[in-house]
Amino acid sequence: MTEIMIAEWERAKTGALDWKVDFVKDFGGGIPGWGYCESPLIDGDKVICTPGGKNTLVALDKMTGEKVWQSTGIKEGAHYSSPVLADIAGSRQIVQFSSGSVFGVSLNDGKYLWQYKAPANGTANCCAPIVDSDFVFASSNDLIATFDDGLLSVSSGFPVSNVNILPFTKLCNV
């Protein structure tokens, strides 16, 4: 892994480079301990990626690489999870697991919607959140489920100041 993350969009037919960005230089990102490892999310004309830091998430124009938006209301380091597209409580959003929490931002403008900090373990938040309807599951622990692994029920009325936490251990009767 290089010290500087470069996201590239290449022409399928010619292999010529269309554009590139540097997560550190262009967005003030901070390289996680094992380097950037996410798979960027493409939705329509946007490429969603996680430089971390002051630009926790950014949406780039898929054709030009120009920044469409940067997330607001949340400033966390990148980790190893890939962003997920979801429709939660009637809101189209990006759900991501960063260094300090699992959170949701609006797909349209990157505006903060909700956040849950307990599953973040501070070492390696690698698993992409699992979303089903208005439920989000996040875990960063080993093979044994703990109290902090959780299934969240996210309700309408964003930004959400409180999400309903359904502890995983109680759901599985562990």
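Strand β8 (residues 91-97) runs antiparallel to strand β9 (residues 102-106), and five bridges join the two. Strands here are DSSP runs (E, at least two residues) numbered from the N terminus, and two of them pair if DSSP finds at least two bridges between them. Please keep in mind that this is a predicted model: local features need pLDDT of at least 70, side-chain atom pairs count only at pLDDT 80 or more, and totals for chains, interfaces and linings use all residues. Residues are numbered from 1 along each chain as its sequence is written, and side-chain values use heavy atoms, leaving out hydrogens and water.

Both strands belong to an open, antiparallel sheet of four, ordered β7-β8-β9-β10. At its edges lie β7 and β10, each pairing on one side only.

| Strand | Residues | Source of range |
|---|---|---|
| β7 | residues 84-88 | edge strand |
| β8 | residues 91-97 | pairs with β9 |
| β9 | residues 102-106 | pairs with β8 |
| β10 | residues 112-116 | edge strand |

Now let us follow one residue. I94 stands opposite V105 in β9. Contacts of I94 (heavy atoms within 4.5 Å), not counting residues up to four places away in sequence, include L41, P83, F103 and L107.

I94 and V105 are also among the eleven residues of the largest nonpolar core, along with W69 and Y112. Such a core is a set of buried Ala, Val, Leu, Ile, Met, Phe, Trp, Tyr and Cys residues joined through side-chain atoms within 4.5 Å. Buried means under 20% relative accessible area, exposed over 50%, and partly exposed in between (1.4 Å probe, protein chains only).

Finally, P119 sits in the loop between β10 and β11 (130-132). P119 counts as buried because its relative accessibility is 2%.
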